Amino acid sequence: MNSVRSIDVVRYDPDRDAAPHMQRYTIEPGHEDRMLLDVLGRIKSIDETLAYRRSCREGICGSDAMNINGKNGLACMTNMNELPQHIVLRPLPGFPVLRDLIVDMTDFFRQYHSIKPYLINDETPPERERLQTPEERDQLDGLYECILCACCSSACPSFWWNPNKFVGPAGLLQAYRFIVDSRDRATAERLDNLEDVYRVFRCRTIMNCVDVCPKGLNPAAAIGHIRSMLARRTV
Ligand code: SF4
Ligand code: SF4
Ligand code: FES
């Protein structure tokens, strides 16, 4: 479907605008404009002032997350054939807007770094590498694929209200990814870091995070596992 589309985009330049406003672009996508990101590129070619992030175009870098017709997603993974004639694009909800579709992700990445997203293991490393059994490696499936796009945390009301205190679904998915890694030796330290009324327990199991993840991941399940571990702590 390559009919004419009307695309409303929230525009906001804090240096010039008193408040955000909507700007409409009328575009007839060509056959090469398969994805929403392609169409954004076409808009950019006629209005270079439009600001948005993008890099890989392949659903890997996580930089072009935005709110598309009311649902968070990646522009490069959104097929134009699946969108209606009228499209509304907004920046990720709940995050401060820097300009147009670009949001400030400082709190998001602060929470991500707070869970120490790297292996902790002070034991003398083996000569070649720290091996895992296939079963141990399987534990990481559904966790390691996260591209930190923030679609989930931006859809989470608990994160909107407490971005400084609640780690949020993306950070907690990654916290669990390192907790279950057989090569990591900091499980107790990681659980200590999360045992707090806000950091994990602010999750209200609303499940928005699961609905919007463009990689099909389940942060709510990871949060549930962490909660169970905290409830039945032996480390
Ligand atoms: S399940 Fe928890 S983390 Fe996910 S959106 Fe709901 S409150 Fe947020
Ligand atoms: S869990 Fe999914 S939605 Fe959340 S940051 Fe990772 S890839 Fe994005
Ligand atoms: S541009 Fe990299 S995920 Fe979309």
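This note goes through the predicted model point by point, from the overall chain to single residues.

1. Basis. The model is predicted, with local features requiring pLDDT of at least 70 and side-chain atom pairs counting only at pLDDT 80 or more, while totals for chains, interfaces and linings use all residues. Residues are numbered from 1 along each chain as its sequence is written, chains are lettered from A and ligands numbered from 1 in the order in which they are written, and side-chain values use heavy atoms, with hydrogens and water left out.

2. Overall chain. The chain has 9 helices and 7 strands; helices (H or I, at least four residues) and strands (E, at least two) are DSSP runs, numbered from the N terminus. The C-alpha trace spans about 60 × 40 × 30 Å along its principal axes. Of the 235 residues, 47% are buried. Here buried means under 20% relative accessible area, exposed over 50%, and partly exposed in between (1.4 Å probe, protein chains only). Among contacts (heavy atoms within 4.5 Å) between residues at least 6 apart in sequence, 64% join residues at least 24 apart.

3. Nonpolar core. A nonpolar core is a set of buried Ala, Val, Leu, Ile, Met, Phe, Trp, Tyr and Cys residues joined through side-chain atoms within 4.5 Å. The largest one has 62 residues, and the members touching the most others are Ile-7, Leu-40, Ile-43, Leu-89, Leu-172, Leu-194 and Ile-226. Helix α6 gives the largest share of this core, 6 residues. Leaving out residues up to four places away in sequence, Ile-43 touches Ile-7, Tyr-25, Ile-27 and Leu-50.

4. Helix α9. This helix has 13 residues (219-231), which at 1.5 Å a residue should span 18 Å; the end C-alpha atoms are 18 Å apart, in agreement. The expected span is 1.5 Å times one less than the number of residues. Buried in α9 are Pro-219, Ala-220, Ala-222, Ile-223, Ile-226 and Leu-230. They lie on the same side of α9, because they cover an arc of only 160 degrees around the axis. The arc is that of the directions from the helix axis to the C-beta atoms. An α-helix has 3.6 residues a turn, so residues three or four places apart point the same way. The buried residues of α9 pack against α4 (151-154), α6 (168-179), α7 (187-194) and α8 (208-212).

5. Helix α2. In α2 (residues 106-114) the buried residues are Phe-108, Gln-111 and Tyr-112. Their arc around the axis is only 105 degrees, which puts them on the same side of α2. Arg-110 and His-113 are exposed on the other side. The partners of the buried residues are α4, α5 (157-161) and α6.

6. Ligand 1. A residue is near a molecule if one of its heavy atoms lies within 4 Å of it. Around ligand 1 there are 13 residues, of which Cys-156, Cys-203, Ile-206, Met-207 and Cys-209 come nearest. At least two residues of this shell come from each of α8 and α9. The shell has 9 nonpolar, 3 polar and 1 charged residues. In this count Ala, Val, Leu, Ile, Met, Phe, Trp, Tyr, Cys and Pro are nonpolar, Asp, Glu, Lys and Arg charged, and the others, Gly among them, polar.

7. Ligand 2. Ligand 2 is surrounded by 13 residues, the closest being Cys-146, Cys-149, Ala-150, Cys-152 and Cys-213. The elements giving two or more residues to this shell are α4 and α6. By class the shell has 12 nonpolar, no polar and 1 charged residues.

8. Positive phi in loops. Most residues other than glycine have a negative phi. Asp-100, although not a glycine, has a positive phi of about 45 degrees. Asp-100 is in the loop between β6 (97-99) and β7 (102-103), and counts as buried at 1% relative accessibility. Met-207, also not a glycine, has a positive phi of about 75 degrees. The loop holding Met-207 runs between α7 and α8, and at 35% relative accessibility Met-207 counts as partly exposed.

9. Leu-143. This residue is in the loop between α3 (134-138) and α4. Leu-143 counts as buried, at 6% relative accessibility. Not counting residues up to four places away in sequence, Leu-143 touches Leu-173, Gln-174, Tyr-176, Arg-177, Val-180 and Ala-222. The C-alpha atoms of Leu-143 and Arg-5 are separated by 37 Å, with the two residues 138 apart along the chain.
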